[in-house]
Amino acid sequence: MSVYPQPPELTEEEVQRRNARSRALGLFLGALVILFFIVTIAKLGGNVMNRPI
Amino acid sequence: MTIAAERLDQSSPAFDEERPTIAFGTARDYYELLKPRVMQLVIFTALVGMLTAPGPINPIIGFASLLAIAVGAGASGCLNMWYDASIDALMDRTSKRPIPAGAVKPGEALAFGMTLSIGSVLFLGLIANWQAAAFLAFTIFFYVVVYTMWLKHWTAQNIVIGGAAGAFPPMIGYMAVTGSVSLESFLYFLLIFVWTPPHFWALALVKSNEYARAGVPMLPVVAGPNATRLQILLYSIALIPVGMAPALMSHAGLLYLVVATGFGVVLAYYAYDLFRKREGDEARKAAFRLFGTSILYLFALFGARLVEQLLPFLPWSLMK
């Protein structure tokens with residue numbers, strides 16, 4: 001038996017709420033990735049094609 | 001039982017007192033922590049600050065800068081709710097906020113607010129400039145530490161001085177474009193700074209019992225309702241020339257001047273109405289009318305300035 005206290009079993013509503021939070025966090029992180037990408041391209045401007053081939 | 005817990009089924013095992021508390025909030029609760037209505041005002045005024053700045057800004061960088069400023073403002077609102085959760089629980093107006101309602105734990109709100117504060121400042125620094133980022137960081141510090149932790153609980157002038165935090169966004173927006181401040185952006189700061197006391201005190205007059213119960217020394221609690229009415233009237237009269245100043249100093253056009261004069265006179269009239277009506281339901285209605293009009297006032301003035309700035313870019317203007 002573990003010496004650490006076991007987390008309580010979640011109710012159905014708590015599981016639903018946790019899933020909703022996880023989905024929102026996933027969407028937020030996805031939006032952040034897209035935002036960082038677009039802003040990086042905008043900052044680079046014309047230099048985006050300026051690279052050694 | 002917390003308000004959030006009441007949403008649950010009463011027979012749920014979550015009601016077992018022996019059971020450790022489980023994170024309860026929804027995404028909406030976290031959104032509410034950011035004070036979305038205050039964020040709207042911040043976005044609007046910062047946008048005007050940006051558009052009135054000389055020099056071009058890439059629309060994508062401009063949009064992202066605005067987002068960073070809005071998130072920084074939201075983060076300071078979140079930290080305000082974290083610090084004031086105990087007094088929020090004592091007032092009807094704020095008792096349904098996510099922390100006193102039990103939906104979000106104070107520690108979660110603190111972590112959320114700090115993460116967004118640091119993230120928004122770094123993001124603004126990287127995409128716009130570090131002057132604007134430093135100004136945003138100072139604004140968050142001013143609102144959370146100077147206003148929330150110190151002034152709010154200490155002096156009846158809390159919202160007069162603390163109002164500076166809400167007045168900085170147009171200057172931050174301007175700075176995101178130029179890297180510096182100007183007289184025009186300072187005039188917009190001054191406008192919001194002078195507007196804040198009559199706006200908040202109109203609400204505080206109606207809610208003074210709640211503030212007294214929570215031990216917050218708002219002006220109506222400390223100096224009484226009649227002294228507050230006089231202060232509201234004086235600030236509202238002072239707001240007329242302050243509102244007109246950008247046009248009088250050639251930074252804004254005729255449309256802005258007309259709107260600023262018209263709405264300034266209307267606001268001062270409603271402040272006078274509140275000054276006269278001191279008892280009963282009429283006094284309460286006058287306070288709410290002034291509060292509502294003050295919101296409209298700010299949106300009208302900044303809206304007029306926004307229209308003036310965008311007018312040259314409208315299709316029929318470009319055809320000339």
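Thr115(B) sits in helix H5 of chain B, which covers residues 106-127. In this predicted model, Thr115(B) counts as exposed, because 12 C-beta neighbours fall inside 10 Å and a residue with 12 or fewer is classed that way. A C-alpha to C-alpha separation of 25 Å divides Thr115(B) from Val177(B), and the two are 62 residues apart in sequence.

The secondary structure of chain B consists of 15 helices and 0 strands. Along the principal axes, the C-alpha atoms fill a box of roughly 75 × 50 × 35 Å. The radius of gyration of chain B is 21 Å, which agrees with the value near 20 Å that a compact globule of 320 residues would have. Of those 320 residues, 46% count as buried. Among contacts between residues at least 6 apart in sequence, 71% join residues at least 24 apart.

The largest nonpolar core contains 98 residues, and Ile69(B), Cys78(B), Leu124(B), Ala132(B), Leu136(B), Ile172(B) and Leu301(B) have the most contacts inside it. Helix H3 of chain B (residues 59-83) supplies the largest share of this core, with 13 residues.

Helix H13 of chain B can be followed in some detail. Its 23 residues, 254-276, reach 33 Å from the first C-alpha to the last, close to the 33 Å expected at 1.5 Å a residue. The buried residues of H13(B) are Tyr256(B), Val259(B), Ala260(B), Phe263(B), Gly264(B), Leu267(B), Ala268(B), Tyr270(B), Ala271(B) and Leu274(B). These buried residues pack against three helices of chain B, namely H9 (183-206), H12 (225-248) and H14 (280-310).

The loop between H12 and H13 of chain B holds Ser250(B). Ser250(B) has a phi near 65°, a positive value in a residue other than glycine. Most residues other than glycine have a negative phi. Ser250(B) counts as exposed because 8 C-beta neighbours lie inside 10 Å. Lys35(B) likewise has a positive phi, of about 50°, although it is not a glycine. The loop in question for Lys35(B) is the one between helix H1 (27-32) and helix H2 (36-51) of chain B. With 19 other C-beta atoms within 10 Å, Lys35(B) is partly exposed.

Another serine, Ser208(B), belongs to helix H10 of chain B, which spans residues 208-214. Ser208(B) counts as buried because 20 C-beta neighbours lie inside 10 Å, and burial is assigned at 20 or more. Not counting residues up to four places away in sequence, Ser208(B) touches Met218(B), Pro220(B), Val221(B) and Pro225(B). Leu219(B) is 11 residues from Ser208(B) in sequence, and their C-alpha atoms are 8.7 Å apart in space.

Definitions and conventions. Residues numbered from 1 in each chain as written. Chains lettered and ligands numbered in written order. Predicted model: local features only at pLDDT ≥ 70, side-chain atom pairs only at ≥ 80, totals over all residues. Helix = DSSP H or I, 4+ residues; strand = E, 2+ residues; numbered from the N terminus. Expected span 1.5 Å × (residues − 1). Contact = placed C-beta atoms within 7 Å. Core = buried A, V, L, I, M, F, W, Y, C linked by C-beta atoms within 7 Å. Rg over C-alpha atoms; globule rule 2.2 N^0.38 Å.
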